[in-house]
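Try each task with the model in view, then read the worked solution below it.

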Amino acid sequence: MTESRTAAVEHRDSPFLGLDYYDERFGDWFFGREAERGQIITNLQAAPLTLLHAESGVGKSSLLRAGVAWRLRALARDHPDARDVPVVFSAWKADPVSGLIAAIAEAIEPFVNGRPPPSLGERLAEATATASEAVGGSLVVILDQFEEYFLYTTSESPPERFADELARAITADAPAASFLIAIREDAYAALGDLFKSRNVNVYDNFLSVDYLDVLTARAMIYGSIDVYNNQSGVERVSIDPAGRDRRIRPPRHGSGRQDRRRDPAPRASHRSWRGQDRQRHEDARRRPDRQIGAGCSRRGPGALPTV
Ligand SMILES: Nc1ncnc2c1ncn2[C@@H]1O[C@H](COP(=O)(O)OP(=O)(O)O)[C@@H](O)[C@H]1O
Ligand SMILES: [Mg+2]
């Protein structure tokens, strides 16, 4: 399928985003994650819940926003008869149930075909059902930075209300949305505990993401510079190959955000899979109906069709 580039490319004063994640506006600037993007979208279309986990700083938020959501929105614009309207949510602090329903209302607005947007109510399962009917398709709800939700569960009324609502929406007879939970590696275990008593096995379908490898990081650098140079009114920039390769370094493991601040350049990974990851992956592979969670990090760029 060819890339949809109907929306104008967002102007930027620099080819790179520095420490910020790429949001959906910068889909045209986002390179190096095409295989992972395709794999995540395939999972979202096949399963009611996908879990995506990785260390902090690997690029989850950017991949989900400028990769997955950007691509789904472009597809939804181009294919009104088979829509998956993306909703990205990460504002966990104040009443996440209402916050997510408001985000759904905002996300569907461009797709209601000129009709008045429906009232979505206060329950997540019903809200997704109403919203998906209004857009004549389905919703893809991406819950990013889920580790932050653990900080606020007790201030909800009743406590853990969002977890209740989410479990109810996922286990509905005919779910109107598919959900993705993106979570930092160190909060992975707590997630299972949160959903265990709610009849949801969050580990049924999971993907992990790794750092960009050297070749992909190199392609990402050149891709971003090309987009930058194609803007009108900018002075063309280039990068000398030696400087480029000095910037692509293996990550320091377990370093997280602290080290990333000192070293915001794209990093390449030479780490091997840890035993725990490999075991989880092998378990998932053995289940005949669960081979979709093959692990983004296992596949090279371009190994999967671009969705
Ligand atoms: N494909 C990419 N190309 C260039 N930079 C990237 C890419 N993905 C992520 N980054 C950069 O890496 C850093 C971490 O990305 P982020 O999406 O915040 O990771 P995470 O959500 O896993 O913590 C940010 O500075 C972001 O701009
Ligand atoms: Mg993030």
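**Exercise 1. Find out what pLDDT the protein averages, and which stretches score below 50.**

Step 1. The average pLDDT of the protein is 82, and 76% of the residues score at least 70. Here pLDDT is the predictor's confidence in each residue, from 0 to 100.

Step 2. Residues 1-5 have a pLDDT below 50, and this stretch has 6 contacts in the model beyond near neighbours in sequence. Residues 255-307 also have a pLDDT below 50, with 85 contacts beyond near neighbours in sequence. Two residues are in contact if their C-beta atoms, placed from the backbone, lie within 7 Å.

Step 3. Where pLDDT is low, the predicted coordinates should not be read in detail.

Two notes before you go on. Residues are numbered from 1 along each chain as its sequence is written, while chains are lettered from A and ligands numbered from 1 in the order in which they are written. This is a predicted model, in which local features need pLDDT of at least 70 and side-chain atom pairs count only at pLDDT 80 or more, whereas totals for chains, interfaces and linings use all residues.

**Exercise 2. Describe the secondary structure of the protein and the share of buried residues.**

Step 1. There are 10 helices and 5 strands in the protein. Helices (H or I, at least four residues) and strands (E, at least two) are DSSP runs, numbered from the N terminus.

Step 2. Of the 307 residues, 37% are buried. A residue is buried if 20 or more other C-beta atoms lie within 10 Å of its own, exposed if 12 or fewer, and partly exposed in between, with C-beta atoms placed from the backbone.

Step 3. Take the contacts between residues at least 6 apart in sequence: 74% of them join residues at least 24 apart.

**Exercise 3. Work out how helix 4 lies against helix 3 and helix 5.**

Step 1. The axes of helix 3 and helix 4 come within 10 Å and cross at roughly 0 degrees, so helix 3 is roughly parallel to helix 4. Axes are lines fitted to C-alpha atoms, for helices over the stretch in contact, and angles run from 0 to 180 degrees between N-to-C directions. Angles under 35 degrees count as roughly parallel, over 145 as roughly antiparallel, 65 to 115 as roughly perpendicular and the rest as oblique.

Step 2. By class, the contact has 10 nonpolar, 1 polar and no charged residues. Ala, Val, Leu, Ile, Met, Phe, Trp, Tyr, Cys and Pro count as nonpolar, Asp, Glu, Lys and Arg as charged, and the others, Gly among them, as polar.

Step 3. Helix 4 (residues 124-135) and helix 5 (residues 161-170) have axes that come within 7 Å and cross at roughly 50 degrees. Helix 4 is therefore oblique to helix 5. Leu124, Ala125 and Thr128 of helix 4 make this contact with Glu165, Leu166, Arg168 and Ala169 of helix 5. The classes here are 4 nonpolar, 1 polar and 2 charged residues.

**Exercise 4. Decide whether leucine 49 is buried or exposed, and find what leucine 49 touches.**

Step 1. Look in strand 1 (residues 49-54) for leucine 49.

Step 2. Leucine 49 counts as buried because 26 C-beta neighbours lie inside 10 Å.

Step 3. Leaving out residues up to four places away in sequence, leucine 49 touches Ile170, Phe179, Val200, Val202 and Asn205.

**Exercise 5. Locate aspartate 95 and asparagine 113, and give the phi of each.**

Step 1. Most residues other than glycine have a negative phi, and most peptide bonds are trans.

Step 2. Aspartate 95 sits in the loop between strand 2 (83-89) and helix 3 (96-108). Its phi is positive, about 40 degrees, and aspartate 95 is partly exposed, with 17 other C-beta atoms within 10 Å.

Step 3. Asparagine 113 is in the loop between helix 3 and helix 4, with a positive phi near 55 degrees. Asparagine 113 is exposed, with 9 other C-beta atoms within 10 Å.
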